[in-house]
Amino acid sequence: MDLKDLRIGTWNANGILDKKEEFSVFLKENSIDICFVPETHLTKQSHIKISGYNVHHTVHPDNQANGGSAIFIKNNLKYNEDLCIQLDRIQLTVLVVSSTKQQFKVGAVYLPPRHNLKEDDYRLILEHMGDRFVLGGDFNAKHSLWGSRLDNTKGRELKKAIENIGCNVHSSGKPTYWPTDRQKTPDVLDFFITK
């Protein structure tokens, strides 16, 4: 299988365990090979199984049911685990997938909104991913480059890192964040970065 043949998705869980059935339907209906899941709320003691998929996850360092990231990957794909980043400000799960022609990394990221990441933080993530990768998840950063309705400081810092490392952004431009507070406006926080 080649990279161009894979169906890769992202699904912001905001707690995956109580949404397992809905998530399983999403994977099957969309024929997803690899899915990046931010905000899993898993702990080291949590276990989740989806038929036909292997799961690898990174928990928040406090091991409480908040934050976290995971990759669900079809169990017929060839891959190895890579080093993950497990910090208060960054939860990144990384796998190295082997295709018929090359190896590439896939990464699921969750960046909690309370941390004001700078370009160097984003460069740490992007450089960790290497020369050939697909990274997706919840960046909690806003910029018109990926379809947000406004630019914020975190978005401008991430955009600088993306441009300086020579990456591409992929987004539908449709809102991925729907606030429970009706005074707030939906926006784009989940998207993909590739190189």
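This is a predicted model: local features need pLDDT of at least 70, side-chain atom pairs count only at pLDDT 80 or more; totals for chains, interfaces and linings use all residues.
Helices and strands here are DSSP runs, numbered from the N terminus.

The buried residues of H1 are Phe23, Ser24 and Leu27. Viewed down the helix axis, these residues fall within an arc of 100 degrees, so they line one face of H1. In an α-helix there are 3.6 residues a turn, so residues three or four places apart point the same way. The buried residues of H1 pack against E2, strand E3 (53-58) and strand E4 (69-74). Turned away from that buried side is a face with the exposed residues Glu21, Glu22 and Glu29.

Is Ser31 buried, exposed or partly exposed? Its relative accessibility is 39%, so Ser31 counts as partly exposed. Between Ser31 and His128 there are 97 residues of sequence separation and a C-alpha to C-alpha distance of 28 Å.

Asp33 belongs to the loop between H1 and E2 as well. With a relative accessibility of 8%, Asp33 counts as buried, because the cut-off for buried is under 20%. Leaving out residues up to four places away in sequence, Asp33 touches Asp5, Leu6, Arg7, Tyr53, Phe72, Ile73, Lys74 and Leu77.

## Ser69 in strand E4

Next comes Ser69, a residue of strand E4. Ser69 counts as buried, at 0% relative accessibility. What does the side chain of Ser69 reach? It reaches the backbone oxygen of Gln91, at 3.3 Å.

Neighbours within four places in sequence aside, the contacts of Ser69 include Val37, Pro38, His56, His57, Leu92, Ala108 and Tyr110. Asp33 is 36 residues from Ser69 along the chain, and their C-alpha atoms are separated by 17 Å.

## Tyr110 in strand E8

Tyr110 lies in strand E8, which spans residues 103-110. Its relative accessible area is 7%, and Tyr110 is buried. Which residues does Tyr110 touch, not counting those up to four places away in sequence? Among them are Pro38, Glu39, Gly67, Gly68, Ser69, Arg89, Ile90 and Gln91, and the list also includes Asp138 and Asn140.

Tyr110 and Val37 are 73 residues apart in sequence, while their C-alpha atoms are 8.4 Å apart in space. Both Val37 and Tyr110 are in contact with Ser69.

Key
Residues are numbered from 1 along each chain as its sequence is written. Side-chain values use heavy atoms; hydrogens and water are left out. Buried means under 20% relative accessible area, exposed over 50%, partly exposed in between (1.4 Å probe, protein chains only). Helices (H or I, at least four residues) and strands (E, at least two) are DSSP runs, numbered from the N terminus. Contact means heavy atoms within 4.5 Å. The arc is that of the directions from the helix axis to the C-beta atoms. A polar contact is a pair of N or O atoms within 3.5 Å; within protein, one must be able to donate a hydrogen and the other to accept it, and residues adjacent in sequence count only if both atoms are side-chain atoms.
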